[in-house]
Structures are given as C-alpha cells and as structure tokens.
Amino acid sequence: MTVAKQKVLIVGGGVIGCMTAWFLHRLGAEPIIVERGRVGQEASWAGAGILCPIQPWLYPDSFTRLIEHSLNMFETVQADIENLSGISTQWLKSGLLIPSFGDDEDVSKAMAWSKKFDWSFQHLNAEEAQQDTPLLSKNVQDALLWPDIAQVRNPRLLQALQQIMKQLSIPQLENSEVDTLLTKNNKVSGVALKGGERLDADAVLLAAGSWSGDLAKQWGIRLDVQPVKGQIALLKTKPKRLTRIVKHHSAYFVPRSDGRILVGASMELAGFERGTTTHEIEKLLQAVEYLMPDLKDAEIEHQWMGFRPGSPDGMPYLGPVKSVSGLWVSSGHYRNGVALAPLSADLMSRWIVGEKPCLSDIDLNHFAIERQTHDLSVGYPCIDRV
Ligand SMILES: Cc1cc2nc3c(=O)[nH]c(=O)nc-3n(C[C@H](O)[C@H](O)[C@H](O)COP(=O)(O)OP(=O)(O)OC[C@H]3O[C@@H](n4cnc5c(N)ncnc54)[C@H](O)[C@@H]3O)c2cc1C
C-alpha cells in the first residue's frame with residue numbers, strides 16, 4: 001500500500017517559498033508553488049545578497065541565534081544548489097568592513113556585539129583599513145572587519161532554485177494569484193485563486209513576502225508584515241577595484257566578481273509604490289562620494305527597487321497559525337530573507353511534515369505568529385525615525 005504524500009501549497013515563489021519547496025520535497029512531501037507573477041522576481045531578486053545582518057545589534061538576541069544557524073548552513077546548501085542545478089550562485093566570502101570616521105559609534109557597537117556573540121573580527125587602524133581597502137576615503141580613522149561574511153548573487157540563486165524545482169518536477173504555477181483560504185471544520189483544505197479556480201491541499205504555507213500581511217488579514221489573521229522599500233544603484237567599474245563588502249550607517253557597497261558594485265539601499269515605509277526616485281538614488285551617490293570618493297564618477301549602469309517584507313521587530317514569523325489547523329507562515333524576513341532562507345526552509349519543512357522543530361537552543365515563541373510586535377515603541381530596526 002502506498003501512503004499518500006502530504007500536499008503542501010506554498011503561496012509565493014520568492015527565496016523563502018522556493019527553498020522550502022525543495023526541502024519539503026526532500027522530506028517526501030508534495031510541494032506546489034503558487035505565484036502571483038513570475039517566480040523569483042520580487043524582493044528575492046532585488047536584494048543585495050549579503051549573508052549577514054547589516055546592524056545586528058539593533059535586533060533581539062534570539063534573532064542572532066537564528067541567523068547564526070542559517071549562516072552555518074549556507075555554504076553546504078549553496079554547494080548543493082550549484083551541484084544540482086549546474087548554476088553558480090557566485091557565493092563569495094568577501095568579508096565585510098565597517099569603517100568609522102570617528103564621528104559614529106558603528107565600529108564600537110559592532111565590536112561589542114562581535115565579542116558578545118563570539119564572531120571573529122579584526123580591528124584595523126587607519127593605515128590597515130586603507131591597505132585592506134584602498135578605495136576608502138582618506139578620512140577613515142579605523143574599521144572593523146568581519147572576514148567570514150559572504151555574499152551571493154540573488155537572481156542567480158533564484159534561477160538555480162527554479163532549475164532544481166524543475167528537475168524535481170515541483171509544480172510552479174505562475175500568474176496564479178491566491179485569494180481565498182479554503183477550510184473545512186477549521187482545517188485547511190486548499191485555496192481559491194483570483195478568478196475562482198480551487199486548488200486542494202493538506203497544508204498551506206504563507207510565504208508571500210511583503211504581501212503576506214494583507215493576505216493574512218483577508219483570511220482573518222493578524223500578521224504585522226508590511227513593505228519596506230529599498231532602492232539600489234549598480235555602478236560599473238573594473239574588476240577587483242573593491243573586494244570587501246563595505247557598510248557605513250545605512251549605506252553598503254557590495255562588489256561583484258565582474259567589477260560591478262552594488263550600492264544600497266534606501267529604507268522607506270512607502271507602501272507598495274514602485275519605481276526608483278532621484279532623491280533616494282542621490283542619497284546613495286552622496287554615500288559613494290563620502291566613503292569612496294574615487295568612485296564618484298563611476299557610471300550607474302542600472303537602478304532598481306524591491307519590497308522587503310518588514311516586521312516591526314525585524315524578525316521573521318515562523319510556524320503554525322494556531323487558529324487554523326494546517327496553515328503555516330514563513331514571512332517577515334525583512335532585511336535578511338536570503339541569509340535566513342536555509343534555516344527557514346529547514347525548520348518549516350520539518351515542522352510541516354510533523355517532525356519536532358530541531359532548534360533546542362532557540363525559543364521559537366520569539367518568532368511565533370501570535371507574538372506581540374505591534375506595541376513596540378521603536379519598530380523596524382534601521383529605519384530612522386524623525
Ligand atoms: C533592496 C533590498 C536589499 C536587500 N538586501 C538583502 C541582503 O543583502 N541580504 C538578505 O539576506 N536579504 C536582503 N533583502 C531582503 C530579502 O530580499 C527578503 O527578505 C527576501 O527576499 C524575502 O523573500 P520572500 O520569499 O519572503 O519574498 P519575495 O521574494 O517578495 O517573494 C514573495 C512572492 O510572493 C508572491 N505573492 C504575493 N502575493 C501573492 C498571492 N496572493 N498569490 C501568490 N503569490 C503571491 C509575490 O509575487 C512574490 O514573488 C533585501 C531586500 C531588498 C528589497
């Protein structure tokens with residue numbers, strides 16, 4: 001007698017949905033991606049691919065524990081991805097440098113945080129920082145280097161995940177917008193698409209990125225996820241001019257192996273307003289001039305934006321929805337969805353197929369859907385409040 005596979009319908013084909021589909025398949029379930037547009041074209045395409053939180057000291061400690069698990073998994077997961085798909089994600093351990101001009105506290109905060117969580121770092125004086133990264137402004141006074149931080153190239157990662165799903169015959173239903181959650185006796189039975197088509201499922205995973213909050217609300221569930229818009233400019237330069245990821249205040253620079261340098265990113269609570277703006281791109285260029293004046297005339301080859309799925313405390317919502325059996329959420333990954341993807345996919349796929357969550361050193365209640373985030377007086381880490 002064959003046992004029927006558990007059919008799990010995943011709402012949203014971003015990095016979270018796609019990686020979870022792959023992991024569910026490995027556990028013997030039958031995942032199906034249902035995507036409103038095209039797979040991997042929203043935040044997961046737009047992001048910078050830095051595999052580390054930008055200002056981790058702004059988040060609760062439980063977040064650090066969670067992301068450490070994910071980062072520890074990343075090298076193996078990305079090697080599997082490249083082997084299976086034949087596509088390079090351009091995973092690169094470029095290290096991350098946080099320079100200081102003597103007028104900010106980032107370096108001291110980063111050092112204190114690194115010591116607390118035992119992250120390997122080097123404290124460079126002005127001369128050492130200059131030797132390490134000659135493009136830096138001569139006004140830099142010292143810098144902190146996290147040598148183990150890596151990056152990936154998002155569009156390639158998503159392309160590779162799509163390829164793996166294709167090879168495994170995981171259905172990817174594109175141009176299919178999920179509308180209604182179908183339930184029977186308070187248990188999930190599937191979804192209805194805009195247009196009326198009904199899809200049956202044993203379980204539904206809400207992984208619709210920035211749109212998860214509105215969809216959950218439509219289904220009568222409170223989920224504080226809203227879009228935090230990020231704009232990025234891509235500079236065209238010669239290879240190896242910059243080799244480190246560099247971060248200063250809200251700006252960061254990510255060098256790609258072909259010489260392009262990605263400069264990001266704005267942090268805007270601006271609803272779902274698409275498109276880049278002169279004002280925000282100008283601010284990124286000011287950061288270029290301040291931090292790496294020799295790049296100030298570099299050509300902007302491209303500029304784009306994306307919507308980070310923001311949660312008020314900056315932490316993802318992971319787990320079951322207690323009020324509806326068979327409904328699960330993996331969303332609200334904010335600035336860290338790529339870095340958190342392996343852990344989220346591993347945790348959620350095991351949980352959905354009935355295994356006990358395996359993170360004994362983390363209290364998963366910190367990531368519960370029902371946790372109270374809406375009363376936080378300081379919400380959305382890294383967004384300057386005026
Ligand atoms: C500018 C920028 C820079 C970033 N930099 C980094 C970084 O350096 N490192 C890092 O780790 N993270 C970074 N992030 C964050 C990261 O990109 C996100 O956290 C992550 O991509 C979220 O993945 P997701 O799958 O939840 O969302 P998405 O990629 O947005 O995918 C959600 C999908 O759900 C679909 N959908 C929505 N509604 C429905 C519906 N009703 N029915 C069916 N489908 C639906 C959407 O079309 C979309 O494809 C950055 C993000 C941005 C925008």
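How are helix 1 and helix 3 oriented to each other, roughly parallel or roughly perpendicular?

## Two packed helices

Helix 1 and helix 3 are roughly perpendicular to each other, a description used for angles of 65 to 115 degrees, whereas angles under 35 degrees count as roughly parallel, those over 145 as roughly antiparallel and the rest as oblique. Helix 1 covers residues 15–26 and helix 3 covers residues 61–85, and they pack at an angle of about 80° with their axes 13 Å apart. Here an axis is a line fitted to C-alpha atoms over the stretch in contact, and the angle, from 0 to 180 degrees, is taken between N-to-C directions. Helices (H or I, at least four residues) and strands (E, at least two) are DSSP runs, numbered from the N terminus.

From helix 1, Met19, Trp22, Phe23 and Arg26 meet Met73, Val77, Asp80, Ile81 and Leu84 of helix 3, where contact means heavy atoms within 4.5 Å. The residues of this contact divide into seven nonpolar, no polar and two charged.

## How the model is to be read

This is a predicted model, in which local features need pLDDT of at least 70 and side-chain atom pairs count only at pLDDT 80 or more, while totals for chains, interfaces and linings use all residues. Residues are numbered from 1 along each chain as its sequence is written, and side-chain values use heavy atoms, with hydrogens and water left out.

Six strands form an open sheet in the order 6-2-1-10-17-16, with mixed pairing; two strands pair if DSSP finds at least two bridges between them. Its edge strands, each pairing on one side only, are strand 6 (172–173) and strand 16 (317–320). Strand 16 runs antiparallel to strand 17 (residues 327–331), with four bridges between them, and Gly319 has Val329 in strand 17 as its bridge partner.

Strand 1 (residues 7–11) and strand 2 (residues 30–34) run parallel and are joined by five bridges, with Ile10 opposite Ile33 in strand 2. Four of the five residues of strand 1 are buried, a word that means under 20% relative accessible area, with exposed meaning over 50% and partly exposed in between (1.4 Å probe, protein chains only).

## A buried lysine

Lys247 lies in strand 12 (residues 245–248) and counts as buried, because its relative accessibility is 0%. A polar atom of the Lys247 side chain is 2.9 Å from the backbone oxygen of His249. Beyond its neighbours within four places in sequence, Lys247 is in contact with residues including Ile54, Leu97, Asp106 and Tyr252.

Methods. Ala, Val, Leu, Ile, Met, Phe, Trp, Tyr, Cys and Pro count as nonpolar, Asp, Glu, Lys and Arg as charged, and the others, Gly among them, as polar. A polar contact is a pair of N or O atoms within 3.5 Å; within protein, one must be able to donate a hydrogen and the other to accept it, and residues adjacent in sequence count only if both atoms are side-chain atoms.
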